[in-house]
Amino acid sequence: MKHPKSQLAEYAMRALPPDEARAVEAHVLSCEVCQAELRQLDAALVALVESLPPVTPPAACWERIEAQLERQRAAPSAEPEPAPSAPRPGAGWPWPRGAWVLAAAIGVLLVGASLLWCYRQQQAYQQLEREQQLVAAWLARGDVETRLLQARDGALLGRVLLLPDGRALFVLREPPAAGRAYQAWGHTGDGLASLVVSERPVFEVLGRGFEALYLSLEPKGGSPQPTTPLGRLER
Amino acid sequence: MARLAESDEGALAELYARLASRVYALALRMLRSPEEAEEVLQDTFLKLYRHAGSYDALKGSPRAFIYTIARNEALSRLRARRVRPVKAHWDVHAPDEALRATPIGDPLDRVVVEGALERLEPDEAELLQAAFFDDYTHAELAERTGLPLGTVKSRIRRALLRLRVYLERDETP
């Protein structure tokens, strides 16, 4: 079989009909050239997935998984059923009088909580989109310089986009921990000046006239002086 | 994955802690329904637990394996929608809806992936995302865009390979 180059992307996306997928797979397992290309394709697809805004699922999801595993342990010989994805109401249970009222109230609360959760997710998603648009606008400029911002141990904190007019856009990998904020500082011979306090991982500062920019982690609202320095960027 | 193949539930919990928000985000992006995305998340990790023994490193990384399970779970739900009446706004295959670009997330990834996607030809990036997230087949994309099927296939493959090259360059400090 020739290298099935034209089918590898579809194979990687699991978009081939079963018989074609089996033929490609048989070839790939014995062909180092196609294995290498498939690794490249897989890595690009993983990057596409991980470019989406991570969304924390409700805690009940893990509890349901644990409950399902527990059921499987209790009946190990039984063929595992398709995982029920949400508790299913028992049909025709002899519920006591009043239970229906309670169930309805709980239902209303659940619907309300679900709507509130959706609203918050939507807000978070819109915030991420706004940041995305801001970063995209900066990247679209021909005169932007992108620099890595690293911690003292070399770990990558994020990037800083610099414009010739002195503006800088911090684009950090993670938002600050709960209850904390990032604070950016400008350094001159006279000392440090606070530039901005941000609870978001993307924020802009005016860094004109400073020899270096610093980043620290502070309590919400910021600090008069850095308490937890994170990284430094020479201009 | 080796621990998981020996039914180590602690390994499953660790993987869940690391990847649940990614799997959930993928399912939400594809299905746009929190309820169905929760189902996909749960079913993905239960399948992972049961089928970890079938993982073969030659076929891809563990993350690719997990995301593939999740994507397949989401695809089966998307395809079920197609064979039963659905509300118009659920039909991501409505031909009069423009293909949508994916909002990119995590800040560093956003910069890196956005930079890489920007260097792709616009139609390549659009084809890639429509094929991966929205389950357009290559034939459907050919029909929508008027491009020959072979061209669609080669553009998507080229887009993926170029994306990987750009990402490798940008990830190198």
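Four strands of chain A form an open sheet in the order 1-2-3-6, with antiparallel pairing. Strands are DSSP runs of E of at least two residues, numbered from the N terminus, and two of them pair if DSSP finds at least two bridges between them. This is a predicted model, in which local features need pLDDT of at least 70, side-chain atom pairs count only at pLDDT 80 or more, and totals for chains, interfaces and linings use all residues. Residues are numbered from 1 along each chain as its sequence is written, chains are lettered from A and ligands numbered from 1 in the order in which they are written, and side-chain values use heavy atoms, without hydrogens and water.

**The open sheet**

- Strand 1 (145-150) and strand 6 (202-206) of chain A are the edge strands; each has a single partner strand, so one side of each lacks a neighbour in the sheet.
- From one strand to the next the twist averages 25 degrees, with axes fitted as lines to C-alpha atoms and angles running from 0 to 180 degrees between N-to-C directions.
- Six bridges link strand 1 of chain A with strand 2 (residues 156-162) of chain A in the antiparallel sense.
- In strand 2 of chain A, A:Gly158 lies opposite A:Leu149.

**Strand 7 and its partners**

- Strand 7 (residues 212-219) of chain A is largely enclosed by the rest of the structure, because six of its eight residues are buried (under 20% relative accessible area, 1.4 Å probe, protein chains only).
- Strand 4 (residues 180-188) of chain A runs antiparallel to strand 7 of chain A, joined by eight bridges.
- A:Pro219 in strand 7 of chain A is opposite A:Arg180.
- Strand 8 (residues 228-234) of chain A is also antiparallel to strand 7 of chain A, with six bridges.
- A:Tyr214 faces A:Arg232 in strand 8 of chain A, standing opposite that residue.

How values were computed: Buried < 20%, exposed > 50% of the residue type's maximum accessible area, 1.4 Å probe, protein only.
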